[in-house]
Amino acid sequence: MTKDTKVGVSKRSVVIAGTFATGIALGILAVVAFQNIIPQNERPPLDIAQAESNETGTKSDIGLSSLNPGGDGQIEEIFKHKSVFDQYRALHATLSPATEHELIDWWIQSKKIERASHREIAQQVILRYLTAINPQQAIQYLDDVTVFERDSLLMTVFSEWGVSNLDSAIEAAVDLISPQRTIALQAILEIRDDLSDSQRRSIALQLDGEETYLKLIGDKQAAQSIAEPEDSWNILLNDNVYDRQQLQALAVVVEAWFDQAGFEVLSNIYSDAEDFRIKANMTRIIAQIDPNGALDYTRGLEDAEQKWFLSYEIVREWARTDALAALAAATTFEPPSVASELETAISYRWAGSRPFEAIENIEAVSVNARVVTLQIAFANIARTDPSEAIAMLSSVENSVGNTSTILASIVSEWSSQQPSVATDWVIDNFVREDPQRRMLLEEALPTLALEDPNKAFELALAQPESEGTALGLDFLVFRTIARQGDLELTKTLLPQIRENSEIYAYSELAEVLVETGKTDEAFKLGKGLEEELRQFFYQRVVQDWTWEDPKNLFESLEELPSKELKSKAAERLIANNEWKPLLTDEEIEHAKTFLIAEDKGRKSPFE
Amino acid sequence: MTIAKALPLSRSKRNLMIGIIFAVGIAIGVLAIVAIQSLASQGEQGKQSTARHGDEQSSSERHSDYPKRATGEVVEFQQIFSLESTAEQHKELYTILDHATEAELQKWWMKSQQIERDSHRKFAQQVIIGKLTTINPQEALRRCLDEVSMFQIGTCTRTVFREWSVLQLEEAVEAAISLQGPRQSVAIEAILDTRDDLYESQKFSIAKKLNAEEFYLKLVSEVKASEVIAEPEESWTTLLDDDVDDYLQTDTFIKVAEEWMKQIGFEVLSKIYGMREFRIDRDLVIAVARVDLAGALDYTENILEKYEQETLSSIIIREWARTDALTAVRVASAVEPASFAAMLEREAGRVWSRTKPTELIENIETLSFESRLMPLESAFSKIASQDPAKAITMLSSVEDFVGNTSTILNRIVDEWAKNQPDAATEWVLSNFAQEDPQRQSLLRGALRALALQDPDRAFEIAIEQPASNNRVLESNVIQEIVFYGDLEVAKKLLPRVRESSSKSLIYGDVARAMVDAGQTSEAMELGNDLAESSQQMYYWGVLNWWASQSPKNLYESLDSLSTGDLKSLAATQLIRANQNNPIFSDEQIKQMRNYLNTEDEALLDRLEN
């Protein structure tokens with residue numbers, strides 16, 4: 001090879017090598033530029049082969065979210081997974097690389113998911129990722145959901161926020177209204193169980209939720225002792241947390257305790273829990289597990305009060321699911337008086353929860369309890385369909401003496417919903433002289449009086465006057481109006497009250513005037529009355545006054561209109577003070593100076 | 001050929017070659033960088049795609065790709081939970097467990113039990129159980145019931161049934177049937193909540209199978225209520241008018257109330273009152289009022305209807321007093337009118353006395369004079385239940401703040417006697433002379449308690465005390481024995497009860513208990529022990545009770561009553577009782593009328609007309 005040729009060859013080689021190297025370099029640069037300069041949604045480098053082998057083969061998993069994030073099709077794809085686990089997994093895989101903008105789009109699309117269970121899953125995950133990026137924004141989206149969905153999503157937000165930025169989570173929680181603040185606090189305290197107790201307590205105090213913190217601590221201690229459920233029980237009852245806020249934890253403990261100790265736990269519940277609601281709720285937990293066994297346990301109890309309380313709660317719970325079985329068990333209870341009361345409790349509960357079933361099976365209820373049971377059942381039905389209730393009445397005519405009181409309960413319920421309609425029905429279907437008309441109007445008119453007092457009063461006056469000791473319809477209406485606080489109308493109606501009702505009406509008015517601090521008005525009103533009625537009225541005022549505000553009456557003794565009345569007032573004050581000693585001994589001595597001869601001899605029933 | 005003969009390439013050919021070499025270089029460059037990145041991402045991401053296309057490695061081989069240390073298992077969880085956000089932690093766990101076999105899940109489960117931090121352990125176990133359910137739901141359920149803390153069983157069970165119900169609904173329902181009590185309730189709820197794709201008839205059928213129709217109706221109602229929540233009043237009505245016990249829907253009512261409050265403010269409190277659902281009104285009112293207790297109380301000041309005002313304001317002030325009694329009392333005392341303020345103070349004081357009795361006693365002057373007594377009675381009673389001596393000692397500290405302390409002392413002794421009736425009784429006997437009227441009132445409470453522990457002794461002490469105002473203490477003792485003790489003991493002691501204004505009443509109490517125990521003939525005979533002047537009232541009471549408790553039995557016993565007057569009285573009671581509780585037919589009522597004497601017939605006519 002000549003020198004020139006050698007030079008030519010080496011030059012070529014250099015050119016070839018240089019070109020090749022340049023090509024490689026440009027290829028590398030091109031890929032890097034493509035990935036970095038043109039936005040790629042912060043995704044890690046793609047493995048196309050991997051993406052192709054992706055099981056769903058869905059566009060969402062392989063990052064086409066940048067083209068159509070959270071599109072309907074993609075959400076549908078996710079929920080094509082049958083399994084809930086896979087739905088979550090797919091959501092996480094899809095949303096993890098999403099930007100805030102994409103997550104917002106996903107959120108918007110999630111609101112269109114019709115199926116609630118799917119919507120809940122989707123929104124939980126979306127919101128969690130949104131919170132990780134922009135919690136302040138995430139919390140705003142809670143305004144998009146209903147109050148029914150809000151709490152669990154709020155927990156999710158603060159669960160994430162409490163981990164990613166505790167301080168700002170606390171700051172945000174401070175601004176929430178009380179119930180939501182409590183939820184936020186709960187989420188933070190639960191998720192930040194890495195903090196010391198004092199740190200968590202401090203957070204709770206900042207958020208005005210010390211009780212939430214104490215509850216958490218109590219629950220934790222109870223959980224730690226659960227191998228000895230009785231210890232857990234005592235922890236929860238004796239901590240500084242309102243027991244009614246710990247019903248869930250107490251229920252868990254009671255269940256564990258029952259597993260260990262059997263029905264004996266019922267006696268512990270009864271004797272340890274001071275709050276009757278705790279006693280009742282916990283008893284019901286056991287009754288849910290084995291009502292028959294629980295009731296059998298109570299048969300052997302000697303403490304009558306405990307026996308009654310527990311058996312009552314057990315059968316009432318039992319009645320919710322199987323009233324017939326509960327009735328059968330109760331009939332064999334001893335003593336018979338308690339058996340009878342249990343049957344009544346079951347029947348009433350049955351009528352309240354499954355009225356149709358109770359009516360159909362009314363023969364299973366003891367005769368004594370049938371009428372009231374049916375009253376409850378029919379009233380229940382009347383709440384939504386009074387016509388149906390009335391139509392069904394004939395089906396029970398042979399099971400009771402008569403159905404008049406049942407009809408009354410229907411009308412009572414009906415009139416609470418539609419007082420005018422119910423009243424008109426009574427007027428149209430029962431003649432004036434029919435005693436049942438009066439009975440039914442006793443139910444309807446007081447309720448009508450709340451809506452249209454004048455009409456109610458007119459209708460009352462249009463009925464025949466009551467005889468004997470029955471309260472007049474006019475009085476019943478008058479009483480309702482007086483109790484509503486419409487004293488002006490009350491005073492207008494008073495002169496129209498019929499003679500039989502007069503005394504009762506004035507007594508009622510006296511009571512209302514005293515209760516509202518209008519004793520002056522009471523005395524003014526009394527001035528216009530006939531002597532006998534005035535005396536009666538004043539005495540009622542004084543009597544009520546003694547009860548309502550004895551100190552004030554004592555201070556007003558001098559101003560009472562007559563010495564007889566002063567004496568009567570003093571006598572009442574002295575008697576009242578025996579069992580409610582609000583007046584000092586000196587004051588009592590002073591009161592005695594008002595007594596006239598006939599009242600001086602009278603002894604207090606308490607001396 | 002010699003090199004000399006190698007001719008140079010033409011320009012075009014050279015350019016073509018350069019172009020080709022250049023292109024090859026670019027291609028190789030691109031492929032190289034992609035290959036490098038791909039290898040790197042495989043290493044970082046671990047398992048990314050599923051094996052459903054059956055493409056590559058077995059799960060164990062993939063699992064072996066996950067970083068491990070020599071010490072082993074806990075490391076994976078540590079790595080997962082070291083991620084910065086819970087979102088990433090969740091994602092990681094779901095990804096890792098995605099292709100786990102049952103055997104691997106069991107290992108994961110065992111590892112999870114070693115996680116100390118509660119929040120981490122709970123979440124890890126929830127995901128593991130969820131995945132396990134997709135493979136072996138029975139085993140998943142077993143683990144929930146046997147291997148988690150009692151406090152986690154509910155959440156765990158719910159996770160299982162959520163998953164199980166979508167994969168194998170029938171099996172899930174069968175499994176739920178086998179559960180009991182609260183666990184079954186959780187399962188039912190999970191199934192029906194998750195399978196909201198089913199037709200209503202299908203869901204109802206499931207509920208019926210599980211004897212949970214009420215739960216189904218509750219769910220339906222709550223769905224309806226949530227659909228119309230933009231109009232909270234409509235939601236409210238939906239919940240009221242459904243066939244579900246309102247008590248079971250307390251939480252839902254609370255949510256609707258909170259929403260409604262945004263529209264109508266505290267007026268929602270009146271809506272709650274209007275429900276007339278006394279079992280839950282307290283919870284609802286508190287939930288609403290808690291947002292702004294002062295605002296809620298202000299609202300009640302303007303309510304005209306007295307009972308409504310009292311009910312609502314009582315609940316509010318009691319809740320306030322539970323957490324901050326001093327402020328509650330201060331606020332209560334400032335409301336108008338004074339009678340309203342006094343009522344609120346009493347309510348606040350009552351709660352205060354139960355939650356912090358000593359604090360109340362020490363601050364009693366913050367309550368107005370009229371409102372002090374009852375809370376003090378309650379506070380001292382509470383202290384006495386633990387330490388009666390302390391309660392008695394503290395009594396002097398409040399002497400200047402009430403009229404007198406006699407009723408407070410009564411409560412102390414009553415409470416003391418519940419736990420130590422002997423000691424309480426002895427203390428009274430030792431510290432109060434026989435002539436002291438307070439001795440009587442204190443013994444009344446102490447002997448009631450002693451009567452249940454030692455009825456004979458209680459009775460003996462009672463009859464040693466002089467009668468007071470024609471009342472004798474042994475009446476109270478007998479009464480207590482009748483109501484809470486042994487009827488036979490009461491019957492044995494009864495003849496020794498001294499004459500007093502309450503003797504016939506006590507005989508009446510015993511007689512009623514005898515009627516309850518089925519000893520009706522004896523109860524009627526017992527009246528012979530009374531003076532003739534008391535017998536009429538006695539028989540009236542016994543027959544009235546008999547007619548109300550066992551009317552059928554009395555009806556059947558009419559002929560066996562000893563005199564015509566008694567038969568007439570019995571018939572009267574039966575006819576009157578039937579007016580409120582009509583169990584007798586008209587024919588039977590007519591028969592009863594045949595027993596009436598002239599007097600009773602006239603009385604009935606008057607009453608009926």
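Student: How many helices and how many strands are there in chain A?

Tutor: Before the count, please note that this is a predicted model. Chain A has 35 helices and zero strands. Of its 607 residues, 43% count as buried. Among the contacts in chain A between residues at least 6 apart in sequence, 60% join residues at least 24 apart.

Student: Why is Val228(B) called partly exposed?

Tutor: Val228(B) has 15 others within 10 Å, so it falls in between and is partly exposed. The loop that holds Val228(B) runs between H12 and helix H13 (232–241) of chain B. Beyond its neighbours within four places in sequence, Val228(B) is in contact with Glu234(B), Ser235(B) and Thr238(B). Val228(B) and Ile36(B), by contrast, are 57 Å apart, C-alpha to C-alpha, and 192 residues apart in sequence.

Student: How do you know how helix H15 of chain A is oriented to helix H18 of chain A?

Tutor: The axes of H15 (residues 265–272) and H18 (residues 304–330) of chain A come within 11 Å and cross at roughly 110°. Angles of 65 to 115 degrees count as roughly perpendicular, so H15(A) is roughly perpendicular to H18(A). On the H15(A) side the contact is made by Leu266(A), Ser267(A) and Tyr270(A), and on the H18(A) side by Gln306(A), Phe309(A) and Leu310(A). By class, these are four nonpolar, two polar and no charged residues.

Student: Which residues make the contact between helices H11 and H12 of chain B?

Tutor: The axes of H11 (residues 200–209) and H12 (residues 213–227) of chain B come within 7 Å and cross at roughly 145°. H11(B) contributes Lys203(B), Phe204(B), Ala207(B) and Lys208(B), while H12(B) contributes Glu213(B), Phe215(B) and Tyr216(B). This contact has four nonpolar, no polar and three charged residues.

Student: What puts the buried residues of helix H26 of chain B on the same side?

Tutor: In H26 (residues 455–464) of chain B, the buried residues are Pro455(B), Ala458(B), Phe459(B), Ile461(B) and Ala462(B). They cover an arc of only 165° around the axis, and therefore they lie on the same side of H26(B). An α-helix has 3.6 residues a turn, so residues three or four places apart point the same way. On the other side of H26(B), Asp456(B) and Glu464(B) are exposed. The buried residues of H26(B) pack against helices H24 (421–431), H25 (437–453), H27 (473–484) and H28 (487–493) of chain B.

Student: How many residues of chain A are in contact with chain B?

Tutor: The contact involves 106 residues of chain A and 105 residues of chain B. Helix H1 (residues 3–36) of chain A supplies the largest share of the chain A side, 17 residues. That side divides into 47 nonpolar, 36 polar and 23 charged residues.

Key
Residues are numbered from 1 along each chain as its sequence is written. Chains are lettered from A and ligands numbered from 1 in the order in which they are written. This is a predicted model: local features need pLDDT of at least 70, side-chain atom pairs count only at pLDDT 80 or more; totals for chains, interfaces and linings use all residues. Axes are lines fitted to C-alpha atoms, for helices over the stretch in contact, and angles run from 0 to 180 degrees between N-to-C directions. Helices (H or I, at least four residues) and strands (E, at least two) are DSSP runs, numbered from the N terminus. Angles under 35 degrees count as roughly parallel, over 145 as roughly antiparallel, 65 to 115 as roughly perpendicular and the rest as oblique. Two residues are in contact if their C-beta atoms, placed from the backbone, lie within 7 Å. Ala, Val, Leu, Ile, Met, Phe, Trp, Tyr, Cys and Pro count as nonpolar, Asp, Glu, Lys and Arg as charged, and the others, Gly among them, as polar. A residue is buried if 20 or more other C-beta atoms lie within 10 Å of its own, exposed if 12 or fewer, and partly exposed in between; C-beta atoms are placed from the backbone. The arc is that of the directions from the helix axis to the C-beta atoms.
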